[in-house]
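The sequence and model are shown here.

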Amino acid sequence: MAPHGEADREPAQAGSTDVAAGRIVDAVDGLAELWSLAAAEASVRLSPHQLRALHALQATPGANLTMLAERLDAGLPTVSRLCDRLEAAGLLLRDAAPHNRREIQLSLTAHGRDVLAEVAELRSRALTEVVRGMEPDDRAALERGLRAFVEAQRGRAPGDHGA
């Protein structure tokens with residue numbers, strides 16, 4: 001099934017950035033759906049917020065609740081409850097920080113790291129299946145386009161949302 005709106009789009013005209021941007025939105029929506037479906041097949045069912053929290057903790061070992069709340073752009077009570085659930089599932093540990101015993105340091109358990117690795121593997125397999133179904137020329141064009149996109153994004157100043 002085509003992503004929402006894709007069938008309604010006219011072929012892109014050279015220089016038609018609005019049409020290209022719309023197609024990218026469709027592709028990102030499709031990728032997000034693929035990611036969610038693949039993650040739902042993991043041995044431990046996690047919400048997107050729980051997965052984001054685990055990824056954030058993997059990227060920032062030893063983070064505290066305040067740092068995690070900032071990374072997730074969420075309030076402290078919400079993040080604390082989220083951590084309660086992750087801890088109860090055996091995915092997260094809370095320990096006193098070595099430099100300040102009143103501060104709580106968060107870290108993934110071995111099980112938490114295993115679950116993230118499993119989700120990454122499931123997502124990779126799902127994406128591989130989609131890409132495998134593409135024609136070789138289309139795969140090459142996608143790769144070129146993604147490289148160009150990343151380069152254009154790197155060239156933008158942070159917060160630059162202008163046209």
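## Residue L72

L72 counts as buried, because its relative accessibility is 10% (buried means under 20% relative accessible area, exposed over 50%, partly exposed in between, with a 1.4 Å probe and protein chains only). The model is predicted: local features need pLDDT of at least 70 and side-chain atom pairs count only at pLDDT 80 or more, while totals for chains, interfaces and linings use all residues. Residues are numbered from 1 along each chain as its sequence is written, and side-chain values use heavy atoms, with hydrogens and water left out.

L72 belongs to helix α3, residues 65–72. Beyond its neighbours within four places in sequence, L72 touches R52, A53, V79 and L82, where contact means heavy atoms within 4.5 Å. Between the C-alpha atoms of L72 and A56, which are 16 residues apart along the chain, the separation is 7.9 Å.

## Chain

The chain holds six helices and two strands, in the order α-α-α-α-β-β-α-α from the N terminus. Helices (H or I, at least four residues) and strands (E, at least two) are DSSP runs, numbered from the N terminus.

Of the 163 residues, 24% are buried. Among contacts with a separation of 6 or more, 42% join residues 24 or more positions apart. The accessible surface is about 11300 Å², and carbon and sulfur atoms hold 55% of that surface; areas come from the Shrake-Rupley method with a 1.4 Å probe, and for residues only the protein chains shown count as cover.

## Largest pocket

The largest pocket has a volume of about 770 Å³. A pocket is an open set of points on a 1 Å grid over the protein atoms alone, where a 1.4 Å probe fits, with protein on both sides within 12 Å along at least five of seven lines; lining residues have an atom within 4 Å of a point. Grid points are joined across faces, edges and corners, and the volume is the space filled by probe spheres set on the points.

Its lining has 21 residues, with A27, V28, L31, L142 and L146 nearest the centre. Helices α1 (17–40), α5 (110–132) and α6 (136–154) each give at least two residues to this lining. By class, 16 lining residues are nonpolar, three polar and two charged (Ala, Val, Leu, Ile, Met, Phe, Trp, Tyr, Cys and Pro count as nonpolar, Asp, Glu, Lys and Arg as charged, and the others, Gly among them, as polar).

## Second largest pocket

The second largest pocket has a volume of about 340 Å³. Its lining includes T17, D18, R23, F149 and R156. Two or more lining residues come from each of α1 and α6, and the largest share, six residues, is from α1. Five nonpolar, two polar and three charged residues make up this lining.
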